[in-house]
Amino acid sequence: MAMSATVSAGVSSGAMAWAERGACRNVDPDSLFVPGAAQHRAKRVCAACPVRVDCLAEALDNRLEFGIWGGMTERERRSLLRRRPDVVSWRPLLDAMTVRSAATAR
Ligand code: SF4
């Protein structure tokens, strides 16, 4: 999530230094806050983002409703949160999933 977009979304920029390394740092922040199906095109920028896990954890932990975060649309995040209401801190779970995913790709 571009730093200017995080500020627009009401997120403290100080806690999100990782956003400066996001693949979207040079895109128009408005392009990440598009409606409906356009979000599937918008999230392509996240595919090779080096801070994707940080971004997604931030959005899930803080229940950020709007925009593309961590390669997920608003609807995808809502669905994930509904399936896992027990998770209060997403970072450890996302890290574990990344490790598992990397192991199976070998
Ligand atoms: S995961 Fe996507 S929205 Fe988040 S910082 Fe990376 S490119 Fe931006």
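User: Which residues are the closest of those that surround the ligand?

Analyst: Good place to start! In this predicted model, 16 residues surround the ligand, and the closest are Gly22, Cys24, Cys46, Cys49 and Cys55.

User: How do you know what kind of residues make up the shell around the ligand?

Analyst: Each one is sorted by its type: Cys counts as nonpolar, for example, while Gly counts as polar. Sorted that way, the shell divides into twelve nonpolar, three polar and one charged.

User: Why is helix 3 called largely enclosed by the rest of the structure?

Analyst: A residue is buried if 20 or more other C-beta atoms lie within 10 Å of its own. Eight of the ten residues of helix 3 pass that test, so helix 3 is largely enclosed. The buried ones are Arg52, Asp54, Cys55, Leu56, Ala57, Glu58, Ala59 and Leu60. They pack against helix 4 (74-83) and helix 5. As for the protein chain, 25% of its 106 residues count as buried.

User: What makes a set of residues a nonpolar core, and which members touch the most others here?

Analyst: The members must be buried residues of listed nonpolar types, joined through C-beta atoms within 7 Å. The largest such core has 14 residues, and Cys55, Leu56, Ala57, Ala59, Leu60, Ile68 and Trp69 touch the most other members. Helix 3 gives the largest share of this core, five residues. As a general point, nonpolar side chains in soluble globular proteins tend to be buried together.

User: How do you know how helix 3 and helix 5 are placed against each other?

Analyst: Two packed helices are described by the angle and the distance between their axes. For helix 3 (residues 52-61) and helix 5 (residues 90-104), the axes come within 9 Å and cross at roughly 140°. The crossing is right-handed.

User: Which residues make the contact?

Analyst: Two residues are in contact if their C-beta atoms lie within 7 Å. Helix 3 contributes Val53, Leu56, Ala57, Leu60 and Asp61, and helix 5 contributes Trp90, Arg91, Leu94, Asp95 and Thr98. By type, the residues of this contact divide into six nonpolar, one polar and three charged.

Conventions:
Residues are numbered from 1 along each chain as its sequence is written. This is a predicted model: local features need pLDDT of at least 70, side-chain atom pairs count only at pLDDT 80 or more; totals for chains, interfaces and linings use all residues. A residue is near a molecule or strand if its C-beta atom, placed from the backbone, lies within 6 Å of it. Axes are lines fitted to C-alpha atoms, for helices over the stretch in contact, and angles run from 0 to 180 degrees between N-to-C directions. Helices (H or I, at least four residues) and strands (E, at least two) are DSSP runs, numbered from the N terminus. A crossing is left-handed if the near helix is turned anticlockwise from the far one by less than a right angle, and right-handed if clockwise. A residue is buried if 20 or more other C-beta atoms lie within 10 Å of its own, exposed if 12 or fewer, and partly exposed in between; C-beta atoms are placed from the backbone.
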